Amino acid sequence: MGRDLLCVLDSEETVRQLQPDLDKVKELDGLLLQVTAPGEETDCVSRSFAPKLSVAEDPVCGSGHCHIIPHIIPYWADALGKETLVAYQASKRGGTLYCRREGTKIFMSGKAALYSIDELFI
């Protein structure tokens, strides 16, 4: 645990079928709950829950994949002995992340959807 919790499960199917009690998740230490397992077609799969931030499940959580404190990509890079990984976020919307670790930095790419456009006047 760093700022968030990381739960490593045994199978992709377990991650996909998980239905956490979000009220109980709120009682846990840590801001987000990251759940991950080895992937069947990718290096790893994950889901991210953040009920303390009023986000039941993050569709594709970039921050959860790249924290310096061992979270998803640093964990799997060490576990698999690889610096380049393909991760899949198994949320309802889902998304594939192409990740590379270089020292303490994580580089990530994938497809994104425009969420909003705004102008700020200061």
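Buried means under 20% relative accessible area, exposed means over 50%, and partly exposed is anything in between (1.4 Å probe, protein chains only). The model here is predicted, so local features need pLDDT of at least 70 and side-chain atom pairs count only at pLDDT 80 or more, while totals for chains, interfaces and linings use all residues. Residues are numbered from 1 along each chain as its sequence is written, and side-chain values use heavy atoms, with hydrogens and water left out.

**Exercise 1. Work out whether C7 and C44 are buried, partly exposed or exposed, and how many disulfides the structure has.**

Step 1. C7 has 32% relative accessibility, so it counts as partly exposed.

Step 2. C44 comes out at 0%, which means buried.

Step 3. Now look for disulfides, that is, pairs of cysteine sulfur atoms within 2.5 Å. Searching the whole structure turns up zero. For C44, the nearest cysteine sulfur belongs to C99 and is 7.1 Å away.

**Exercise 2. Describe the surroundings of E12.**

Step 1. Helices (H or I, at least four residues) and strands (E, at least two) are DSSP runs, numbered from the N terminus.

Step 2. Check the burial: at 9% relative accessibility, E12 counts as buried.

Step 3. List the contacts (heavy atoms within 4.5 Å). Leaving out residues up to four places away in sequence, E12 touches A37, P38, G39, E40, E41 and V45.

Step 4. Zoom in on E40: its backbone nitrogen sits 2.6 Å from a polar atom of the E12 side chain.

**Exercise 3. Find which strands pair with β5, and in which sense.**

Step 1. Two strands pair if DSSP finds at least two bridges between them.

Step 2. Strand β3 (residues 44-50) pairs with β5 in the parallel sense, over three bridges. Here V45 stands opposite Y88 of β5.

Step 3. Strand β6 (residues 95-102) runs antiparallel to β5, with six bridges. L85 has C99 as its bridge partner in β6.

Step 4. Sort the faces of β5 (residues 84-89): L85, A87 and Q89 are on the covered one, T84, V86 and Y88 on the uncovered one. In a regular strand the side chains alternate between the two faces of the sheet.

Key. Polar contact = N/O pair within 3.5 Å; in protein donor to acceptor, adjacent residues only side chain to side chain.
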